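Reader: Could you take me through this structure? I would like to begin with the overall make-up and then turn to the details.

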Amino acid sequence: MSHHFVKYTNVHYRYEDGTEALKGVDFKVTHGERVALLGLNGSGKSTLLLLTDALLFPSEGEVNVGDVPVTKKTAETIRRSVGFVFQDPDDMLFMPSIYDDVAFGPRNMNLPEQEVERRVNKSLQEVGLKGMEEKSAYQLSGGQRRSAAIACVLSMEPDILLLDEPSANLDARARRSLIELLKGFKHTIILATHDLEMAEELCERTVILSEGVVAFDGNTSQIFSDPEILKNVGLL
Ligand SMILES: Nc1ncnc2c1ncn2[C@@H]1O[C@H](COP(=O)(O)OP(=O)(O)O)[C@@H](O)[C@H]1O
Ligand SMILES: [Mg+2]
């Protein structure tokens, strides 16, 4: 995968119960871009992220990561370059220790234990959890669990980082350190969030979803200078 862009072409997704979560989404995120994904609850943000990490597959249309279409066949390849921080960190932390949680992905890739150790140390350092290796997730605060979940993804050294409402339930300091951490991530970020300030600070570009379609795609600064944009989608 030489170019780590993400491209959505006429993406539809229908859940088994018939809910049409996405109804034709088209946009492209270029390598190194940080894009905020905004929208009311139920607008399709999480669904779009799940499709980007090959955890769901479009009912119609196509998602491409670089030159690779996201399909069941390419899922493993996709997940090697796309890292997804789930909305609930508890979905990512299930080993007896934080060390093992963060080592889980690299070990799964059959990396040598020395390389696993290097990655775990580096990732825990980056998220500010050095020294917490032997603790288990339930001994950590909410903010620390979120950091641990991010470390689990960083240890896979992804080219594209997907985050689903990462600042929810964080206190001011944890939120600040998350923003700083993400500023330091040099690759592509797609950030689903309700946190407009975080979107403004991190992402030059914002895509707003409304009822499964793109309602706005442009500079984040525009949504602050033109309140109609948020009003039109019920966000203000
Ligand atoms: N597992 C599911 N089964 C059926 N419908 C779902 C499921 N997950 C989400 N939906 C529906 O799909 C739509 C989009 O949801 P979602 O992608 O979670 O939106 P957001 O993340 O923006 O809140 C909503 O109508 C939601 O109720
Ligand atoms: Mg969601």
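**Overall make-up and details**

Author: The secondary structure of the protein comes to 9 helices and 10 strands; helices (H or I, at least four residues) and strands (E, at least two) are DSSP runs numbered from the N terminus. This is a predicted model, in which local features need pLDDT of at least 70 and side-chain atom pairs count only at pLDDT 80 or more, while totals for chains, interfaces and linings use all residues. Residues are numbered from 1 along each chain as its sequence is written, and chains are lettered from A and ligands numbered from 1 in the order in which they are written.

Reader: What radius of gyration does the protein have?

Author: The protein has 18 Å, which agrees with the value near 18 Å for a compact globule of 236 residues. The radius is taken over C-alpha atoms, and the globule rule is 2.2 Å times the number of residues to the power 0.38. Along its principal axes, the C-alpha trace spans about 50 × 40 × 35 Å.

Reader: And what percentage of the residues is buried?

Author: Buried residues make up 39% of the 236. A residue is buried if 20 or more other C-beta atoms lie within 10 Å of its own, exposed if 12 or fewer, and partly exposed in between, with C-beta atoms placed from the backbone.

Reader: Which residues touch the most other members of the largest nonpolar core?

Author: They are Leu37, Ala151, Leu162, Ile190 and Leu191, in a core of 62 residues. Helix 5 (residues 142-154) gives the largest share of this core, 7 residues. A nonpolar core here is a set of buried Ala, Val, Leu, Ile, Met, Phe, Trp, Tyr and Cys residues joined through C-beta atoms within 7 Å.

Reader: What is isoleucine 190 in contact with, leaving aside its neighbours within four places in sequence?

Author: Isoleucine 190 is in contact with Val6, Val29, Val35, Leu37, Leu49, Thr52 and Leu162. Contact is counted if the C-beta atoms of two residues, placed from the backbone, lie within 7 Å.

Reader: How many bridges join strand 1 to strand 4?

Author: There are 5 bridges between strand 1 (residues 6-14) and strand 4 (residues 60-65). Within this part of the sheet, histidine 12 has glutamate 60 of strand 4 as its bridge partner. Strand 4 is also joined to strand 5 (residues 68-69), by 2 bridges, and valine 65 has valine 68 as its bridge partner there.

Reader: Which residue takes a positive phi in the hairpin of strand 4 and strand 5?

Author: Glycine 66 does, with phi near 60°, in a hairpin that has 2 residues between the strands. In the hairpin of strand 9 and strand 10, glutamate 211 takes a positive phi near 50°. Those two strands, residues 205-210 and 213-219, run antiparallel and are joined by 6 bridges.

Reader: One last topic: where is glutamate 165?

Author: Glutamate 165 is in the loop between strand 7 (160-164) and helix 6 (172-183), and its phi is positive, near 45°. It counts as partly exposed because it has 18 C-beta neighbours inside 10 Å.

Reader: And what about asparagine 169: what is its phi?

Author: Asparagine 169 has a positive phi of about 65° although it is not a glycine. Its place is in the loop between strand 7 and helix 6, and it counts as partly exposed, with 14 C-beta neighbours inside 10 Å.

Notes
Pairing = 2+ DSSP bridges.
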